[in-house]
Amino acid sequence: MSELFDAVDALVASRSPLPSAEERKRLRTAHGLTLDEVAAALKVRRATVSGWESAKKPTEPRGPEREAYARLLAKLAELYPAPSPPETPAAPTVPVTFTGTPAPAEAQTLSTGPAAEAAAAAMTAHENTQTPAPVAAAPTTASRPARTARPSSTSRRPGAKKAAPAGTPAGGTDPRFENGPLAVLDVDADGKVLAYCTGGLVLDVPAKSLPSLVEWTLKEAKLGQPKLSGPGKDADPLIVLTQAALERYGLPVTLTDEERLAGRIPEGHKVVKQLTRADWQLTKRGFGPWARIYRPAKGSDRQCVQLCIPSWNALDTRHWGEAGQLPPAELARLLGVYASRVMTPRGSTAVTGLELMTALHPATRASEPDADGKRHSEHNPGSLGKDPVDCAPCEAPDGHPVLKDLPRFHVRGPAEKLFEEAFDWARPMTDAECTLRHLVGIDVNMAFAAGANGLVVGLGAPTHVKAPVFDPKLPGSWLVDLSHVDLSRVKVGKDKWVELDAGLLPSPFTPKGDRPDGPAWYATPTVAYAQELGFDVAPIEAYVRHDNGRYLDGWYNRLRDAYLATMADLGVDADLSPEDFLAAMDGYKERDPELAIVVSAIKATVKGGLGKLRERPRGEGWRPGEPWRALSRPTWRPDIRAAVISRTRINLHRKIVKHAALTGQYPVAILSDCVVYAADGPSPLDFLPYRDGKPLPGGFKLGINPGLVKHEGTQTVLWGEGVRDQFKAPELNLARYIKDGTVTDVDNGE
């Protein structure tokens, strides 16, 4: 009878309703589960689970998978119930051209006097000056606030919330962090210190000194961000100090040349002494642009506040543009969007990119209770662990301690050094290409992030093997001779061989596109591509990593989602047709310059985070052969960086080969993720082989998703030939200058 009951239960479950695709994804991410983990538990493919969560066309599970999936979602719904929408009074009618949101009801209630009048006047002016955008309006959670006058202290109580420009990300639902992850401190006309938070809030700051500011931040401000994964840690609150706030708390507005070189103010500075007397400590970096002020943790009680000081160049203009010059409310909104979609900044975009890897895959986790009911710290599977591992000699950069026995002026060649870098290749144009009118550059979106997606990388130390059989699924570094690979005839499918003009193609095995002339060290994706092209490989030796996994998947997913969400706010959606996509990309930065800065910062987080995996010495009296600070991190992993770059370069070359096989068109220049083709027209659609709106399978495709391409720039063929003649550089890399045509830093190809 029990078997019949079980069968009936299964039959009912197979028809039971499931929540929406968005709710399925919310429940999974709320518990910190990846698509791979759910797929493994339900014994289905990762793509299947992704289809169940697809917002566009979700698929529905069937059979026993549906029963198990429904059970999983029900359990998660108990742990993470959907937040109830707050009860707010009916909003006033807003003109259709206004894309901002009203300030929170609580903040509006507490806003009185001249400050509220100034904000209302600015909001009215914003409404009256807006014009309809040529693309879809951005979601209200990221809409740009109107600039407002600084509020006065009229009718304000210490610690009371106050209205600020609307349109910033709302504070977290966690009551501990209800005011969001960060605040920008400024001083108003009446000398009051105000903290501009995300979510449209301004708080009075009663603190008179920096130590008391740290205390207030931890005890009253309710700032911070929940952890990104189960075994992780909550993000520390971030306080951004404007120049006025620096003066108020006794700090210099700018650093002297000596302090800038040191990256900190002197340890004898009066503010540093104040912190010391109050039992606060600074990290080894000292009091610099990204200072961390803390007391040693007691159990799970963590006391740490991070400061960001834009006027000390905390927000590098290469990645953050003019963010440091923005008014406090707008800077809080910009940093808040980045924090909510990526993470609370922990330093430069490079540092944050690396910290994001650790936040998503902490080194340790709590064990199951022992016989006494106590939990202990243990290794978190899938992480890099808490201890650094030595790299293989071929993976070590010059000056590494593992190379200290080499002769002083020895230069390592390809057979001694792994050299996986992005393309920097160009060639002279053919006579036929010179008859065309335009040079069109296309750029791969988030190319290195796409290279990290699904990549299996080593998690532990390498194992040295002699004469191994190559395994494309095993991450490592391989010494192999690929000089026999001839691109004039390659395989571009399971059994399809094509003839190509090898003289017009770069070799995929070297950054400069030169054909290798003997054995060299390569990462796994490079050697696997040689096999894919139809050639045999016979490694001489290798350093392989049997402990491996898809460590970067969560990192990629987080940054991809942040990038796509922000681009959607700017009117560039992932489902646009090629023509609409090109139109939407035209001038997208001007629609909301602040969100455009967020996009730039997200891209820099990808590249910088990967670069940090092989961070070089940064002064500190280092000498070749001695260890440097970065080597003490478990995230110092040059092999992972090499594997990502290898896969990114191979992904690009594969598309170039398929494009050439179908169209007979070859690139003129390649720089990293930018490729230049000669074409009759100025648009990518003038040479990309779209048929009925569909691209070549496996080739270039226009779109905003990582791995797809966008228009980088167009110049004339006459321009290209002209600058090459001018600088006497027939192989000048035109991809470097295709964006705006301005030619700088020419090295004559040497």
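The model is predicted: local features need pLDDT of at least 70, side-chain atom pairs count only at pLDDT 80 or more, and totals for chains, interfaces and linings use all residues. Residues are numbered from 1 along each chain as its sequence is written, and side-chain values use heavy atoms, with hydrogens and water left out. Helices (H or I, at least four residues) and strands (E, at least two) are DSSP runs numbered from the N terminus.

**Helix H21**

- Of the 20 residues in H21, 15 are buried (under 20% relative accessible area with a 1.4 Å probe, protein chains only; exposed is over 50%, and partly exposed lies in between).

**The four-stranded sheet**

- An open sheet is formed by 4 strands in the order S14-S19-S15-S18, with antiparallel pairing (two strands pair if DSSP finds at least two bridges between them).
- Strand S14 (463-466) and strand S18 (519-523) are the edge strands, each pairing on one side only.
- On average, neighbouring strands of this sheet are turned by 20 degrees against each other, direction ignored.
- Strand S15 (residues 476-481) and strand S19 (residues 541-544) run antiparallel and are joined by 4 bridges; Ser477 stands opposite Tyr543 in S19.
- Helix H17 (residues 524-532) lies across S15 and S18, at about 110 degrees to S18. Contact means heavy atoms within 4.5 Å; axes are lines fitted to C-alpha atoms, for helices over the stretch in contact, and angles run from 0 to 180 degrees between N-to-C directions.

**Aromatic contacts**

- There are 10 aromatic pairs, where rings of Phe, Tyr and Trp (its six-membered ring) pair if their centres lie within 6.5 Å; planes under 30 degrees apart count as stacked, over 60 as edge-to-face and the rest as tilted.
- Trp320 and Tyr338 form an edge-to-face pair, 5.1 Å centre to centre with 65 degrees between the planes. Trp320 lies in helix H12 (residues 317-320) and Tyr338 in helix H13 (residues 328-341), so the pair ties together parts that are 18 residues apart in sequence.
- Trp320 is buried at a relative accessible area of 2%, and Tyr338 is buried at 0%.
- The pair Trp628 and Trp636 is edge-to-face because the ring centres are 6.0 Å apart and the planes stand at 80 degrees; both residues are buried.
- One aromatic cluster is formed by Trp622, Trp628 and Trp636.
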